[in-house]
Amino acid sequence: MLFLAETFTADLVKLRAIGAYLGLAIGDALGATVEFMTPNEIRTQYREHRDIIGGGWLRLRKGQVTDDTGMSLALGESILSHGGISAHAAADAFSDWMRTKPVDIGHTVRRGISSYRRTGQPYVPESEFDAGNGACMRCLPIALASLGADSANVEAANLLQAHITHNNPISDAGTFCTIRMVQAGLLGGSKKDLKQLADALVKIHPEFAYDRKRCENPSAYIVDTLRAVFQALFATDGLEAALIDCVNRGGDSDTTGAILGMIAGALYGPTVLPARWVRRLDHNIRRQCMLQARELLRLSPLYRAKPNHHT
Ligand code: MN
Ligand code: MN
């Protein structure tokens, strides 16, 4: 990256941030059609599922997104209106989002938000049962707003949002790894760099090992979810192939799609997003994703340190 002119570099980071946010929403919209189906059921019905067509158990409109994108946008909005990452602001935003009667909401998320409404405390106690993927699926605004911060601060920022609903060391580790992979992609890292981050996670938490059996029908357990995401990401050479591989594994496919979409979008940038997917995405969601990508990046330490960067 060093050989690039500074403003040019900033433009590239901005483009990749937009790629990550659109990738998240596209993965969510694409995957939701086959959520909770098995790979066999998907094959029988679609041969290969590769277009944003809505439907699924949630009976979505074409291009409609679910809680993965909805909670990310709520978190991002709270960061922008607060001028930084705040647990209370994020919990209020999640509570407002739940009031809109979202099309889907996870059990752990609902319980955490209800607990915040009752107690006013924006965190739940540590629980071995909170290792679902709900904190990870919405972590992108943290990755963007904390870009350029040192690792410990990025980790602390994530815990503020994660523990509102999910307080679990495995969830924390998987989510932090996802954020680091997104940030590495934003800063021009290669697929190999991202693989090193995944392998470092496996070293500390061996349950994330992804090099053995093919992970099909991944559950909402963060370990299953990320194993499917890592396998799809590292076995392919582009965003479209990775996302199609990922969602055709079925299971919690809107969420594996969302997480893979944000990582691959950061890695490959928005120009590789198939036009048929970008066009199909709900237009209002698309606009919000692009706006938040730019504005969250503008808040980040990386951009604040270099005010000459045009974002
Ligand atoms: Mn969802
Ligand atoms: Mn899901």
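Me: Buried means under 20% relative accessible area, exposed over 50%, and partly exposed in between, with a 1.4 Å probe and protein chains only. Is aspartate 252 buried or exposed?

Reply: Aspartate 252 counts as buried because its relative accessibility is 6%. This is a predicted model, where local features need pLDDT of at least 70 and side-chain atom pairs count only at pLDDT 80 or more, while totals for chains, interfaces and linings use all residues. Residues are numbered from 1 along each chain as its sequence is written, chains are lettered from A and ligands numbered from 1 in the order in which they are written, and side-chain values use heavy atoms, leaving out hydrogens and water.

Me: Ok, which residues coordinate the manganese ion (ligand 2)?

Reply: Glu35 (OE), Asp252 (OD), Asp254 (OD) and Thr255 (OG1), at 2.0 to 2.6 Å. Donors here are N, O and S atoms within 2.8 Å of the metal (3.2 Å for Na, K and Ca), and water is not among the atoms, so sites may look incomplete. Threonine 255 is buried, at a relative accessible area of 3%.

Me: And what holds the manganese ion (ligand 1)?

Reply: That ion gets Thr66 (OG1) plus OD atoms from Asp67, Asp68, Asp104 and Asp254, at 2.0 to 2.5 Å. Along the sequence, its donor residues follow the spacing T-D-D-x35-D-x149-D.

Me: Which residue bridges the two ions?

Reply: Aspartate 254 does, and the ions lie 3.6 Å apart. Aspartate 67 sits in helix H3 and aspartate 254 in helix H12 (residues 253-268), so the pair ties together parts that are 187 residues apart in sequence. Both of these aspartates are buried. Helices are DSSP runs (H or I, at least four residues), numbered from the N terminus.

Me: Switching topic: how far apart are the end C-alpha atoms of H5?

Reply: They are 18 Å apart, which agrees with the 18 Å that its 13 residues (107-119) should span at 1.5 Å a residue. The expected span is 1.5 Å times one less than the number of residues.

Me: Which residues of H5 are buried?

Reply: Thr108, Val109, Gly112, Ile113, Ser115 and Tyr116. They cover an arc of only 155° around the axis, so they are on the same side of H5; the arc is that of the directions from the helix axis to the C-beta atoms. On the other side, His107 and Arg118 are exposed.

Me: What do the buried ones pack against?

Reply: Helix H3 (67-82) and helix H4 (87-99), with contact meaning heavy atoms within 4.5 Å.

Me: And what follows H5?

Reply: Glycine 120, with a positive phi near 75°.

How values were computed:
Helix = DSSP H or I, 4+ residues; strand = E, 2+ residues; numbered from the N terminus.
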